[in-house]
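This briefing is for a reader new to the structure below.

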Amino acid sequence: MSCILTFLHARLDEDQQHAQAEAVLRDDDPYFVNEASNFERCFTPERMRAEVDAKRRILELHSSTETLDKPKCTHCDWQRWPCPTLRILTVPYANHLDYDPAWSVR
Ligand SMILES: [Zn+2]
C-alpha cells in the first residue's frame, strides 16, 4: 500500500497546476466575463486554489503514529490509519492509477 498522504499531496499538486494553467487561459478572455456558464463561473482557478489550500490544511492535521500494534491517526480520536477523513479526501481521485482500493469509503 502506498502512502495515502503522498498520494493526496501529489493529487493536490496536480490540481494546483491545473488551476494555474486555467488561470492563464482565462486571463483577459472576455468569454469568462460575458458568456461563461454558471458552472464555469463557479469553478474558477481561484476556487480550485482555495479548495487545494483547504485540503492541505486538513492533511496537516492528520498524521499516523505507531502505538501498540497498529498505526492510528493522531487527530481522529485515534482512528485506525488511514483515518476516514483522509480516505474520504481520496474519493475524487479514485480513478487515478495510484489509487489504492483499500482506501475506499464504505
Ligand atoms: Zn485523521
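Where is the place of tryptophan 78? Tryptophan 78 sits in the loop between β2 and α5. The model is predicted, and local features need pLDDT of at least 70, side-chain atom pairs count only at pLDDT 80 or more, and totals for chains, interfaces and linings use all residues. Residues are numbered from 1 along each chain as its sequence is written. Helices (H or I, at least four residues) and strands (E, at least two) are DSSP runs, numbered from the N terminus.

**Nonpolar core**

- The largest nonpolar core consists of eight residues: Ile4, Phe7, Leu8, Cys73, Cys83, Leu86, Leu89 and Trp103.
- Such a core is a set of buried Ala, Val, Leu, Ile, Met, Phe, Trp, Tyr and Cys residues joined through C-beta atoms within 7 Å.
- At least two residues of this core come from each of α1 (4-26) and α5 (84-89).
- α1 gives the largest share of the core, three residues.
- Leaving out residues up to four places away in sequence, tryptophan 103 touches Ile4, Pro82, Arg87 and Thr90; two residues are in contact if their C-beta atoms, placed from the backbone, lie within 7 Å.

**Packing of α1 and α4**

- Two packed helices are described by the angle between their axes and the distance between the axes.
- Helix α4 (residues 45-61) packs with α1 at an angle of about 165 degrees, and the axes are 8 Å apart.
- Axes are lines fitted to C-alpha atoms, for helices over the stretch in contact, and angles run from 0 to 180 degrees between N-to-C directions.
- The angle makes α1 roughly antiparallel to α4; angles under 35 degrees count as roughly parallel, over 145 as roughly antiparallel, 65 to 115 as roughly perpendicular and the rest as oblique.
- α1 and α4 cross in a left-handed way, a term used if the near helix is turned anticlockwise from the far one by less than a right angle, with right-handed used if clockwise.
- The residues of this α1 and α4 contact are nine nonpolar, four polar and six charged.
- Ala, Val, Leu, Ile, Met, Phe, Trp, Tyr, Cys and Pro count as nonpolar, Asp, Glu, Lys and Arg as charged, and the others, Gly among them, as polar.
- On the α1 side the contact residues include Leu5, Leu8, Leu12 and Asp15, and on the α4 side they include Met48, Val52 and Leu59.
- Aspartate 15, in helix α1, touches Met48 and Val52, not counting residues up to four places away in sequence.

**Backbone features**

- Most residues other than glycine have a negative phi, and most peptide bonds are trans.
- Tryptophan 81 and proline 82 are joined by a cis peptide bond, with omega about -5 degrees.
- Proline 82 belongs to the loop between β2 (70-73) and α5.
- Tryptophan 78 is not glycine, yet its phi is positive, near 65 degrees.
- Aspartate 28 also is not a glycine and has a positive phi of about 65 degrees.
- The loop between α1 and α2 (31-34) holds aspartate 28.

**Exposure and distances**

- A residue is buried if 20 or more other C-beta atoms lie within 10 Å of its own, exposed if 12 or fewer, and partly exposed in between; C-beta atoms are placed from the backbone.
- Tryptophan 78 is partly exposed because 13 other C-beta atoms lie within 10 Å.
- Aspartate 28 counts as exposed because it has 6 C-beta neighbours inside 10 Å.
- Aspartate 15 has 17 C-beta neighbours inside 10 Å and therefore counts as partly exposed.
- Isoleucine 88, in helix α5, has 12 C-beta neighbours inside 10 Å, so isoleucine 88 counts as exposed.
- Arginine 47 lies in helix α4 and is exposed, with 12 other C-beta atoms within 10 Å.
- Arginine 47 and leucine 97 are 50 residues apart along the chain, and their C-alpha atoms are separated by 26 Å.
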